[in-house]
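Please look at the sequence and the 3D structure shown here.

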Amino acid sequence: MHILKTTGYSLALSALCFLPASGKTSTLAELKNLGPGGGGTLGALAMAPDDTNIVYAGLDCGGMHLSLNNGRVWENINDGIVYKGDISFNDHYGMLGLENNAVLATSDDGVIYRSENNGRKWQEVFTAPDHAPIGAIIRDSHNPKVIYAMNGRGRWEYFSSILKSNTGRNWGGSIYISNNLGKKGSWRKLNTDDKNNIPAFAHISSMAIDSGNAKRMYASTSFGMYRSDDGGVSWQSIQKGLGDIIPKTVAAGTPDTILVSVMTDQGQNTPVLYKSTDAGNTWRPSSNGLTGSEFQTVTVDPRNPKVFYLGSRTWGGAVFYSKDSGDSWKLLFNTEILKKKIGANTQPYNNWHPDDRLHVSCATNLIIGGEDRNKNGISDTIFFSGDNLGIIWKSDNEGQTWSQLTTTQVGEGWIGKGNIDLLCARRITVDPRNPKHLLVVDWDWGIFESFDGGAHFKLSGGPWYNGQLLGGCGSIALDPDNPGIVYVGSKGGVIMRYPGKYPQG
C-alpha cells in the first residue's frame, strides 16, 4: 500500500482525500511514500547468488521491488514491465537472481523479462504462445547458463477446482529453455514430443533436475508427476504410487531422490510429503517429525543434496529442515520461536488474527544459498516470505537467528522500509479535527491509523470484526458527530460500525 503525501495534500493510489493547506502549492515531484509496509501477498522472492544483500520481491501491490542493502531500503523496479489484463495477478511472477546484477522475472501474461541492472530497467526477452502464464523459473544445477521456465501460476492452490479438470484456461503445459542466461533470442520450447508429453492443458507448478543425471528431469503438474529421461524433450507420468493426490512442489536431492509436497484439500489423512529414491518409480510418505497440514514449498540446499527445507503457508505454520534427505524433519522457525525472539510484551506488525497475535505464514517462497562460513557443507543464508503477511525473513546462520526485512517498529506502530508495501489501499480519510490523524482501509488487513501524519501506523481495526473481514473493505468514513466511531463497507456488502481504540487528538 503506497500512501502518498505532498506538502499541501494527502492522497492514496486508489482514492484521493484532499487536505487543504492555506497558501501552499504542491507538485507530484514532492510526493513521498508514507507506508506502512508489509502485509498482503508476496508472490515471488529471489536473491542474487553472488551477493545475498541483494533481494528481489514481487508483490500484489506495486509489482517488483529491490533492496541492495539487506532490506534496509527498498525501491520499486517496474520500468519496462507491461501489465496486460488483470493487474491483481502481478504477484504470481517467478523471479530468478543471477550474477553481475542480472535478474529474470516471469509474468501472468506469459512474458519473461530480463534486467542487467538489478531490475531498474527490464527488457522483454520471450513471450509464450497465447500468452499462457509463466509462473516458475529455475536454473540448471549442472550448467549455470541454462534457464528453464514453465507455464503455470504461482499460488495455484486457489485454482485447484479448475486444475483437476481438462476444462478452463489452457495453461500451456510447456517448458521453455534458454542456453544463454535467459537473454533475448535464446528461448525455445523444450518438450516438443507430441506423443509423450505433459498434457497441453496442464499447469506446471515446479521442476527439478536430477543431481546425478543432467538429462533426467521432474515436473509437478495439475495432472500429476512427470519425468523426462532425455533432457526434457519427452515426458512420462510417474504418478503411480501417489494415487489421486495432486503434487505441488518437487525438489531433487541425491541421484534419483526426489521429495514432493502435495495439495492438502484431498482429505485430512493425506500425507503432506512424499519421497522417491528410484526416480519416481515408487513413493512413500516422508513426514516424520512434521506438524501441520499445508506445506507450500520444498527445496534443497544447493551445497548439500541431503539437506532439504520445507515451508508452510498455514496460518501459524512453520519452516522445517532435514539433513537426511527427508527421512526425518526438525523445526526451524514458527510462532513460538518468534515470541522468544521479540519478547512477550511486544506486539509485532504481523498480528493477523485476534486469537493469534503472532501469526506467521511461513515460506510460500523459500530461498537457500550464500556462503558456508563454518565449512559444514550447508549454505548459511535462508530467505522466506510470509505470503498473505508480506513479511520477508532472513537468516545468515542456517536459521539460528532471524531478521525481517520489510518493516521497522516506531514506538507502538510500524513504518515500511522504503517503497515495499504489500497492502492494497482502498480509501484514506483525514480527520477534519486533526489533520495528522489518518485512517486507511486496505484490501488485506483492515483499518490502519496514524496520529502523526503518517510517520508511522498502527493496525487499529480488523482484520476480522463480528465475523466480517475488514481486510476486504473498500470504504471508510468518520462519524461526523463522534470521531471515535468509524464506519467501513465490507466485502460482503455489510456496513460495519467500528469503535476506535484511541482518543482523538
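The sections below cover the model, its salt bridges and two further residues.

## The model

This is a predicted model, in which local features need pLDDT of at least 70 and side-chain atom pairs count only at pLDDT 80 or more, while totals for chains, interfaces and linings use all residues. Residues are numbered from 1 along each chain as its sequence is written, and side-chain values use heavy atoms, with hydrogens and water left out.

## Salt bridges

A salt bridge is a side-chain nitrogen of Lys or Arg within 4 Å of a carboxyl oxygen of Asp or Glu. By this rule there are 13 salt bridges. One of them joins Asp327 to Lys275, with the closest N and O atoms 2.8 Å apart. This pair links distant parts of the chain, 52 residues apart: Asp327 lies in the loop between β27 (319–322) and β28 (330–333), and Lys275 in strand β23 (residues 273–276). Strands (E, at least two residues) are DSSP runs, numbered from the N terminus.

Lys275 is buried, at 4% relative accessible area, whereas Asp327 is partly exposed, at 35%. Buried means under 20%, exposed over 50%, and partly exposed in between (1.4 Å probe, protein chains only). Arg216, Arg227, Asp229 and Asp256 are linked in a network of salt bridges.

Glu449 belongs to strand β37 (residues 447–450) and is buried, with a relative accessible area of 6%.

Trp443 sits in the loop between β36 (438–442) and β37 and is partly exposed, at 33% relative accessibility. Its C-alpha atom is separated by 6.2 Å from that of Cys473, 30 residues apart along the chain.

Technical notes. Helix = DSSP H or I, 4+ residues; strand = E, 2+ residues; numbered from the N terminus.
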